[in-house]
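Subject: Structure for you to look at

Hello,

Here is the structure I said I would pass on. Please open it first, then read the notes below with it on screen.

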Amino acid sequence: PYSKGVNIAASVGQLGFGGVVSASWAPDGKRLLVKTYFAIYSYDRKPGETVAQTLRRIPKSIPYLPEPQGEAISFSADGKGFYTISEKGFGKDVKLFKYKL
């Protein structure tokens with residue numbers, strides 16, 4: 001689902017939760033993770049489905065230990081896990097966390 005051109009954001013609907021800080025597509029495009037400060041939600045994507053169609057489903061909650069100012073999420077290259085990382089805040093070290101799926 002990667003594009004080499006310019007991407008323009010457009011509203012396609014609303015989620016059933018707020019506070020989204022990051023999201024990441026699996027390398028194969030079959031799964032989307034959406035991160036808030038306190039939770040991570042997983043959406044399975046069917047072949048040929050649009051982003052809006054995928055986000056209309058009820059997501060699965062993924063086990064996650066919130067970190068201070070946890071702002072980012074990204075799938076691992078093999079799609080079998082994901083990483084989260086915080087902003088540097090309050091003089092603390094930034095740590096990269098890896099989770100298995």
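Predicted model: local features only at pLDDT ≥ 70, side-chain atom pairs only at ≥ 80, totals over all residues.

**What was found**

Salt bridges

Side chains of opposite charge can pair when their charged atoms come close. A search of the whole structure turns up two salt bridges. In one of them, the side chain of Lys 60 meets that of Asp 44, at 2.8 Å from N to O. Lys 60 belongs to strand S4 (residues 60-62) and Asp 44 to strand S3 (residues 40-44), so this pair ties together parts that are 16 residues apart in sequence. Asp 44 is also partly exposed, and its relative accessible area is 36%.

The side chains of Arg 57 and Glu 49 also meet in a salt bridge, at 2.5 Å from N to O. Is each partner buried or exposed, or in between? Arg 57 counts as partly exposed, at 26% relative accessibility. Glu 49 has a relative accessible area of 11% and is buried, because the cut-off for buried is under 20%.

Aromatic rings

Phe 17 sits in the segment before strand S1 (20-25), while Tyr 41 is in strand S3, so the pair ties together parts that are 24 residues apart in sequence.

Tyr 64, Phe 82 and Tyr 99 make up one aromatic cluster. A charged residue is placed by a ring as well: Arg 45 lies over the face of Trp 25, at 4.5 Å from the ring centre.

Around Phe 82

Which strand holds Phe 82? Phe 82 is in strand S6 (residues 81-86). With 0% relative accessibility, Phe 82 counts as buried. Leaving aside residues up to four places away in sequence, Phe 82 touches several others, including Leu 33, Ile 40, Ile 62, Ile 73, Phe 75, Phe 97 and Leu 101. Tyr 99, a member of the aromatic cluster, is also one of the residues that Phe 82 touches. Lys 100 is 18 residues from Phe 82 in sequence, and their C-alpha atoms are 6.6 Å apart in space.

Regards

Technical notes. Residues numbered from 1 in each chain as written. Heavy atoms only, no water. Salt bridge = Lys/Arg side-chain N within 4 Å of Asp/Glu carboxyl O. Helix = DSSP H or I, 4+ residues; strand = E, 2+ residues; numbered from the N terminus. Buried < 20%, exposed > 50% of the residue type's maximum accessible area, 1.4 Å probe, protein only. Phe/Tyr/Trp six-rings, centres within 6.5 Å; stacked < 30°, edge-to-face > 60°. Lys NZ or Arg CZ within 6 Å of the ring centre and 35° of its normal. Contact = heavy atoms within 4.5 Å.
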